[in-house]
Amino acid sequence: MSATEHRTAAGHPSASTSSCPTWCVSRHGVHLGEENWVHTGEPLLVADGIRAVVVMSVDPDTGTADGPYVLIGAHEYTLAEARALWGALLAAVDQAVPPPHLSIAREAMP
């Protein structure tokens, strides 16, 4: 057993909370097997019941991380893809909503 793991009450290897990313809210040691090696962030409601959550799995034998990824509904995005999606959403909003200085100027017009 390495320094980055501990054992569950049943004696199975488990991810250690000391090896968790700062965003992980998982209760390690509760699940058995592969599920115990998944780091999960706090879910965020993005729209109409759709949640976004950061996840990362760790291979218990090698310590190799897979992720982190952002899950939005059933879609998995790399961090770069999630940032691009965020930028595209902001661009769409910016197209629809004029900057504050323009709306003030329009209100001042007779």
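The lining of the largest pocket is made up, by class, of 12 nonpolar residues, one polar residue and one charged residue, where Ala, Val, Leu, Ile, Met, Phe, Trp, Tyr, Cys and Pro count as nonpolar, Asp, Glu, Lys and Arg as charged, and the others, Gly among them, as polar. The structure is a predicted model, in which local features need pLDDT of at least 70 and side-chain atom pairs count only at pLDDT 80 or more, while totals for chains, interfaces and linings use all residues. Residues are numbered from 1 along each chain as its sequence is written, and side-chain values use heavy atoms, with hydrogens and water left out.

The space in the largest pocket comes to about 360 Å³. Among the 14 residues that line the largest pocket, Val46, Ala52, Val70, Ile72 and Ala82 are the closest to its centre. A pocket is here an open set of points, on a 1 Å grid over the protein atoms alone, where a 1.4 Å probe fits, with protein on both sides within 12 Å along at least five of seven lines, and a lining residue has an atom within 4 Å of a point. Grid points are joined across faces, edges and corners, and the volume is the space filled by probe spheres set on the points. At least two lining residues come from each of strand S4 (44-47), strand S5, strand S6 (65-72) and helix H1 (79-96), and H1 gives the most, with four residues.

These elements belong to a protein whose secondary structure comes to two helices and seven strands, and the pattern along the sequence is β-β-β-β-β-β-β-α-α. Helices (H or I, at least four residues) and strands (E, at least two) are DSSP runs, numbered from the N terminus. Of the 110 residues in the protein, 20% are buried, buried meaning under 20% relative accessible area, exposed over 50%, and partly exposed in between, with a 1.4 Å probe and protein chains only.

Strand S5 (residues 50-58) contains Ile50, which counts as partly exposed because its relative accessibility is 38%. Together with Leu44 and Val46, Ile50 makes a nonpolar surface patch of about 270 Å². Such patches are made of residues with over 30% relative accessible area and no salt bridge, with like charges joined within 9 Å and nonpolar side chains (Val, Leu, Ile, Met, Phe, Trp, Tyr) within 5 Å; a salt bridge is a side-chain nitrogen of Lys or Arg within 4 Å of a carboxyl oxygen of Asp or Glu. The areas come from the Shrake-Rupley method with a 1.4 Å probe, and for residues only the protein chains shown count as cover.

Asp48, in the loop between S4 and S5, has a positive phi of about 40° although it is not a glycine, and with a relative accessible area of 81% Asp48 is exposed. In strand S6, which holds Pro68, the peptide bond from Gly67 to Pro68 is cis, with omega near 10°. Most residues other than glycine have a negative phi, and most peptide bonds are trans.

The table gives some C-alpha distances.

| Pair | Apart in sequence | C-alpha to C-alpha |
|---|---|---|
| Arg83 and Val70 | 13 residues | 9.8 Å |
| Pro21 and Pro68 | 47 residues | 9.7 Å |
| Val54 and Pro43 | 11 residues | 7.7 Å |
| Tyr77 and Val54 | 23 residues | 9.4 Å |

Arg83 is found in helix H1 and is exposed, at a relative accessible area of 58%. Pro21, by contrast, lies in the loop between strand S2 (13-15) and strand S3 (38-40) and is buried, at 19%. Val54 belongs to strand S5 and is partly exposed, with a relative accessible area of 25%, while Tyr77, in strand S7 (residues 75-78), is partly exposed at 22%.
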